[in-house]
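The tour below goes stop by stop.

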Amino acid sequence: MSALKQRIDSLLVEPGCATNQAKSDKARKEGCKKPLTPGAAAGGCAFDGAKIALQPVVDVAHLVHGPIACEGNSWDSRHVYSSGPQTYRTGFTTDMAEFDVIYGGEKRLYRAIKEIVDKVDPPAIFVYQTCLPAMIGDDIEGVCKAASERFGKPVIPVNAPGFAGSKNLGNKLGGEALLDHVVGTMEPDYTTDCDINLIGEYNVVGEFWQVKPLFDELGIRVLATFCGDARYKDIASSHRAKAAIMLCSQALINIARKMNERYDIPFFEGSFYGIADVSDCLRKISKLLVERGAPADLPARAEALIAREEARAWARLEHYKSRLAGKRVLLFTGGVKSWSVVSALQEVGMEIVGTSMRKSTQSDRAKVVEIMGTDAHMFDELPPREMYKMLKESKADVMLSGGRSQFVALKAKTPWVEINQERHHALAGYDGIVNLVAEIDKALYNPIWSQVKQPAPWEIEALEAKGAAHHG
Amino acid sequence: MAEVIVGKKACAVNPLKMSAPIGAALAFLGMDRALPLLHGSQGCTAFGLVLFVRHFRETIPLQTTAMSEVTTILGGLENVEQALLNIKKRANPALIGICSTGITEAKGDDVAGFLKLIRDKHPELEGTEVVFAPTPDFVGGFSDGWGKAVTAMIDALVPETTVRTPWQVNILAGCHLTPGDIEEIRETVEAFGLTPIILPDLSGSLDGHIPENFLPHTLGGTRVEDVREMGASALTIAIGEQMRPAAELLEKKTGVPCRVFDRLTGLAACDAFIALLADLSECEVPAKYRRQRSQLQDAMLDGHFYFGEQKVAIAAEPDLLFSLSHFFADMGATVACAIAPQDAPVLARVAADTVRIGDLGDFEQHAAGSDLLVTHSHGRQATARLGIPFWRAGLPTFDRLGVAHKVTVGYRGTRDLIFEVGNVFMEQLHAHEQHITPASLGSHSTVAAPAMDAPAGAGH
Ligand code: SF4
């Protein structure tokens, strides 16, 4: 069995995963890999997932080893922000040609690494494996090792070829690459009793910066984020953190669990979306840090901060309550946790017509049931045709989803707000939920809706004529 | 004559190139009731889909055979079969366009052979044409894939015939044309009383209309029935050198003669096109086009002040690069840097001293010192770093509205292009004016153009 295969199998039975904990021994052994249906599959590949997880390390060069498809069609499409270095935004790829397919792409890969070292000289290079070189047997681990030794800098293999599985699996494979080759390889300049890691925070449109001031104010230092606005050195020395918060559902559960095992860093699962969730996170991390030796007054200071920030957020939301109360929203999310958004929208009195539970875990489902009272409105998949029908029949006043289904809503002449990876407004922290609600308000109350829904004059005449004919 | 330089880098930096399979997929998207199917792993499809959605701002029907590591090794017959059956059941399209990818080509999947087996085994696929375009990711790029898909459709769908319909014309449209361009071409051809069959026709499927129902396949575009009629046309007009192989195949199969237009932007090119249509239809040139021609002449007169001796850097797909380079040269600008993502015969005729096969990293390096950057939206980073104004052209253009409706062909399209780009130059001029001081006038002698309100020799 190949090393990659073993790794995938072990990730699929991840003991930290809530879904797995609920399974029988036998079911767990079989893992959770569902074969995709040809002709009816959608979504990114494992390479995509690994890149999403790791690209937010902003000072390293991300080199994609493969033909042009993998990087050429996709680079520069994610809005994750950096407070400094821009190296991560450059698309590097070996753009394998026929020659490389026949003779193997290892030499080209090695030369590509050398070119990056010569021209860019980043603190590290991440090399992503893709389907074609994996299939012809390019040994990227070997090339990375050789290059690392030769150039005296970390060259990290990320072995997550697309055909290994889903985007979600790719997230975890990306995490494994960090665990194997990066975490624990450097020491922080200094440590404090309040050092934490944030796992699964990618700093999409700067969301990390919406929560960082909260930690700063409490004297909690974010030693490393995995991997939003991260520097290579942060990740390499992240093993000295005292505690961690795991965000974004289970995407990087393997990092959280293994760092707990290896370096005794306790973690809990939290979310920065929704007022109650942010407060919950601050409470839990303060308590956890005190257990780990932080000053005893930390929880009290956290409570004061929470009281102040919650009051401020509620005051800002007040304005929207009368405008949004009773409006029906259809939620179709992948990245942002369904239940946290659900509870946030209910905070302003909106009614949830339905929410997709794609990619959500059992505990996510349980939470939605807890918040919504029933699971009647959950669906796993909603084919575009049905989604369109629902919207066209005005079952919902507004739809929240990822960019791919935006045109389903727009063509049905329904207001739409983006909530996934490509969103342009930051949704995290106490301000984030206000932003989201403001976006919904902006979409709902745009004057175009009444105009575009109005039929043409001659269409009205035709309709009336038809009506008259019916009655006559 | 441009010298074509192929770089020796192992690492592409900020790729300009996109893959052949998604080029082929876009060509299939120009067909009515069609659904392109990428034979490969699912990520390739997801990336292509996102790219098109960002550019066209439309839903894009695109499917995958969802190959896994195991099925890749075993061969993809079963996945292709399942995909076809699933698509037929769910969407019942008139056409499924299969594009292979890097892994399935390297594995050696014989898709054409698969299709024979599958068709025999499944009579229920009746009523859906299946066309296969071999498009390994590691050979050529976007426009090559587009060309292969069109060639494959002609090969598969056009029967041999000797019947001729004198007023029917085939238009083979290259991938550098926008839906707006195709619309313009259709209207022009129709204005001469001719009936065009346009292949592929993105203006029907990706022009941003609002359908009554949500469909899992394209709505609008070239109909399969029309492709079958192409053998009966009087002439094939191919637009873009990338369409030459397809036009030649059509000629070989059906005897319909072909004429390749390497561009339809610029006065001379438009003249040739209109003259050809007049000849073919034996019609007078409609007053509309005489008027548009004179408007273009006027635009050239007004615009040349701002284009003259400007240095332009362009990075684009081969036919677009060719067309734009000559557009700028026609107006008196110099193409100081020309980059193409992959080689093509037309590159030797680009209006520049050299054409580099390269990426946006090369572009950034060689464009320094020019007055205007021209490429797709990924040029944003270069323009920010170099501080040179940026005019967007090509796919993907995800940070501008209305790219599908932009018209760049014909008298009218060329006229608008002069205004659009001329305005970018003019804005620079005004920006420069603010920095003019007595001292700067002493040291500088190159003033690019007179002030806007003093058109020399305009004859007033
Ligand atoms: S599925 Fe494989 S070949 Fe396709 S984009 Fe993903 S890694 Fe690249």
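A salt bridge here is a side-chain nitrogen of Lys or Arg within 4 Å of a carboxyl oxygen of Asp or Glu. By that rule, three salt bridges are counted between chain B and chain A. The model is a predicted one.

**Stop 1: where the chains meet**

Colour chain A and chain B separately. In the contact, 59 residues of chain B touch 59 residues of chain A. The size of an interface is often given as the accessible area lost when the parts come together. For chain B and chain A the buried area is about 5100 Å², with 62% of it on carbon and sulfur atoms. Now select Gln42(B), Phe47(B) and Phe214(B): in chain B, these lose the most area to chain A, together 16% of what that side buries.

**Stop 2: salt bridges**

Side chains of opposite charge can pair when their charged atoms come close. Select Arg380(B) and Asp76(A), whose side chains form a salt bridge with an N to O distance of 2.3 Å. Next, go to Glu261(A) and Arg257(A), another salt bridge, where the closest N and O atoms are 2.5 Å apart. Both Glu261(A) and Arg257(A) sit in helix 13 (residues 253-263) of chain A, four residues apart, or about one turn of the helix. Over all chains, the whole structure has 52 salt bridges.

**Stop 3: two helices of chain B**

Show helix 1 (residues 20-29) and helix 7 (residues 142-157) of chain B, which pack at an angle of about 45° with their axes 6 Å apart. That angle makes helix 1 of chain B oblique to helix 7 of chain B. Their crossing is right-handed. On the helix 1 side, the residues in contact include Ile22(B), Leu26(B) and Phe28(B); on the helix 7 side, they include Phe142(B), Trp146(B) and Met153(B). By class, this contact of helix 1 with helix 7 in chain B has 11 nonpolar, two polar and no charged residues.

**Stop 4: backbone exceptions**

Most residues other than glycine have a negative phi, and most peptide bonds are trans. Select Phe226(A) and Cys227(A): the peptide bond from Phe226(A) to Cys227(A) is cis, with omega near 0°. Cys227(A) belongs to strand 6 (residues 221-227) of chain A. In chain B, the bond from Leu395(B) to Pro396(B) is cis, with omega near 5°. Pro396(B) lies in the loop between strand 15 (390-392) and helix 17 (410-433) of chain B.

Finish at Lys413(A), which is not a glycine but has a positive phi of about 55°. Lys413(A) is in the loop between helix 19 (406-411) and strand 13 (416-418) of chain A.

Notes
Residues are numbered from 1 along each chain as its sequence is written. Chains are lettered from A and ligands numbered from 1 in the order in which they are written. This is a predicted model: local features need pLDDT of at least 70, side-chain atom pairs count only at pLDDT 80 or more; totals for chains, interfaces and linings use all residues. Side-chain values use heavy atoms; hydrogens and water are left out. Axes are lines fitted to C-alpha atoms, for helices over the stretch in contact, and angles run from 0 to 180 degrees between N-to-C directions. Angles under 35 degrees count as roughly parallel, over 145 as roughly antiparallel, 65 to 115 as roughly perpendicular and the rest as oblique. A crossing is left-handed if the near helix is turned anticlockwise from the far one by less than a right angle, and right-handed if clockwise. Contact means heavy atoms within 4.5 Å. Ala, Val, Leu, Ile, Met, Phe, Trp, Tyr, Cys and Pro count as nonpolar, Asp, Glu, Lys and Arg as charged, and the others, Gly among them, as polar. Buried area is the accessible area (1.4 Å probe) that two parts lose on being put together, summed over both.
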